[in-house]
Amino acid sequence: MDLLKEISESLQKGDDAKVGELTQKAIDEGMVPKEILDDGLIAGMDVIGKRFRAHEIFLPDVLLSARAMYAGMDLLKPLFLRDEVPSIGKVVLGTVQGDLHDIGKNLVSIMLKGAGFEVFDLGKDVPPEVFVDTAEREEAGIIGMSTLLTTTAPAMGRVIEILKERGLNDKIKTIVGGAPVSQDLANEIGADAYGYDAANAVDTVRGIAGV
Amino acid sequence: MKLLLDRLQAGEILVGDGAIGSMLIAHGLEPGQCPDMITLEEPDVIAAIGREYLEAGAELLTTNTFGASPAKLADYGLDDRAEEINRNAVAILREVAAGEAYVSASCGPSGRILEPYGDTSEEELYASFERQMSAVTDADVICVETMSDLREAALAVRAAKAMQPDKPVMATMTFDETPRGFFTIMGTSVTDAIAGLLEAGADVVGSNCGNGLEKMIEIAGEFRAATSSPVLIQSNAGQPVLVKGAVHYQEGPDFFAEHTPDMIAAGASIIGGCCGTTPDHIRAVRKVIQ
């Protein structure tokens, strides 16, 4: 079988050892790292994302495939120079201040990485300034904010206000998501986009990133 | 007071209570504050919420211990306070209930993901639940709730039965609708949930939280079709939406009253509420059941 296809299929099975082994084999055979990434790892995660969206598979399968993706990515990373890490965009991601839920955000992070974005995951309970500071420092074009609690929405609005205060709101786009978040809320606080769930986050982020 | 399980087995329909978390927020819980610590910091608030539910007709009062397993409290660096938090939460409601309602000790998910999908071992999680369950000796019943991972739910039920062998244990999971039926986000179906929870030792099984009352009635029907055990259903008041920065749950007390006959017909044995439900919702349900 085609080696890259085999990587993709092992990733879909969540077999991290196999993905690591095959990725190393591809590297040793002199394949272009970017091709291994795009046509092996990312191609596999794309299938996983679609199947998750269709409810054919559940969280455990996604987590196992994500681990397999990392097993391959860890081997590829040293082969890319810092500035040449192939990325279709940079995204700063976090659960807003006051909220300790992060399963949804982690899924979005996995899906975005799987789609070729470079993700700066700030974790949970992230203060508004930290979102903006990180995006500025890393020159990220997108800030993604998640919340599960209904009380933490103002923190998302605060991030957008800081962007405006610093004159960055044209350069850095915002996407918000989480159980209590709606398109109406996104409009109200002035977010650029609303992500209904982790499975469609990639399409939404692609949309506002223009890639 | 008669034993809870005797009443359920006799076919009686009981009324649970409603949300604690959204009530705490209404009482001024700040973002970032640990809800379970309110028990120690402001016991009067916890007692007041319990009293409101009792007056509304709730026959079970749920403790403010949803996140009080050491594994979950560790998020706030409060894991060493677990015993104190759980013991006090039960004591407050014991006094409020005064023999008029059962005190139900809540145990929610740890927020961890078990190996091999995550990094938490079953032993670690079991030890955490063991500590929580060992501190709720004065409760009448234990309620493991909002679970999405059947393995985690089963660990909690087993810990409850090991630490409190004489107490009934209820266990509920949270389901989403998919084209293939209802599943938890971890992929547990209703029938798998029933089998796994009963096998772990649960006396009452069911579902809580979720995507609104109408879906919950369908879920109740699926539970009833697959088990003769008592079924506990605590639906949230619909999906929360934010309107002008304020949270709004779309399903009000009238909506709950209207749908209670369907919930009973579907086979629920205990009907309460989850996120967004208030003493008014419980009062409305109780009126219909009487």
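## Elements of chain A

Helices, of at least four residues, and strands, of at least two, are runs assigned by DSSP and numbered from the N terminus. In this predicted model, chain A holds 9 helices and 5 strands, and read from the N terminus they follow the order α-α-α-α-β-α-β-α-β-α-β-α-β-α. The radius of gyration of chain A is 17 Å, close to the 17 Å that the globule rule gives for 211 residues, so chain A is as compact as a globular protein of that length.

Along its principal axes, the C-alpha atoms of chain A fill a box of roughly 50 × 35 × 25 Å. Of its 211 residues, 51% count as buried. When contacts in chain A between residues at least 6 apart in sequence are considered, 72% of them join residues at least 24 apart.

The 5 strands of chain A form an open sheet in the order S2-S1-S3-S4-S5, and the pairing is parallel. At the edges stand S2 and strand S5 (193-195) of chain A, each with a single partner strand, so one side of each is left without a neighbour in the sheet. From one strand to the next, the twist averages 25°. Helix H5 (residues 103-114) of chain A packs on this sheet and touches S1, S2, S3, S4 and S5 of chain A, while its direction makes about 165° with that of S1(A).

As background to the pairing described here, strands of a sheet pair through backbone hydrogen bonds, either parallel or antiparallel.

## Strand pairs in detail

Strand S1 (residues 90-95) of chain A is largely enclosed by the rest of the structure, because 5 of its 6 residues are buried. To strand S2 (residues 118-121) of chain A, S1(A) is joined by 4 bridges, with the two strands running parallel, and Val91(A) has Val119(A) as its bridge partner in S2(A). S1(A) also pairs in the parallel sense with strand S3 (residues 142-146) of chain A, over 5 bridges, and here the bridge partner of Thr95(A) is Ser146(A) in S3(A).

Further along the sheet, strand S4 (residues 173-177) of chain A is joined to S5(A) by 3 bridges, and these two strands run parallel. Within S5(A), the bridge partner of Ile175(A) is Ala193(A).

## Helix H7 of chain A

Helix H7 (residues 153-165) of chain A has 13 residues and reaches 19 Å from its first C-alpha to its last, which is close to the 18 Å expected at 1.5 Å a residue. Its buried residues are Ala153(A), Ala155(A), Met156(A), Gly157(A), Val159(A), Ile160(A) and Leu163(A). Just after H7(A) comes Gly167(A), which takes a positive phi of about 65°.

## Chain B and confidence

In chain B, Leu3(B) lies in the segment before helix H1 (4-9). Leu3(B) counts as exposed because 12 other C-beta atoms lie within 10 Å, and a residue is called exposed if that count is 12 or fewer. Although Leu3(B) and Pro261(B) are 258 residues apart in sequence, they are 25 Å apart in space, taken from C-alpha to C-alpha.

Chain B averages a pLDDT of 94, and 98% of its residues score at least 70. For the complex, the predictor gives an ipTM of 0.84 and a pTM of 0.88.

Notes:
Residues numbered from 1 in each chain as written. Chains lettered and ligands numbered in written order. Predicted model: local features only at pLDDT ≥ 70, side-chain atom pairs only at ≥ 80, totals over all residues. Rg over C-alpha atoms; globule rule 2.2 N^0.38 Å. Buried ≥ 20, exposed ≤ 12 C-beta atoms within 10 Å, placed from the backbone. Contact = placed C-beta atoms within 7 Å. Pairing = 2+ DSSP bridges. Axes fitted to C-alpha atoms, helices over the stretch in contact; angles between N-to-C directions. pLDDT = per-residue confidence, 0-100. Expected span 1.5 Å × (residues − 1).
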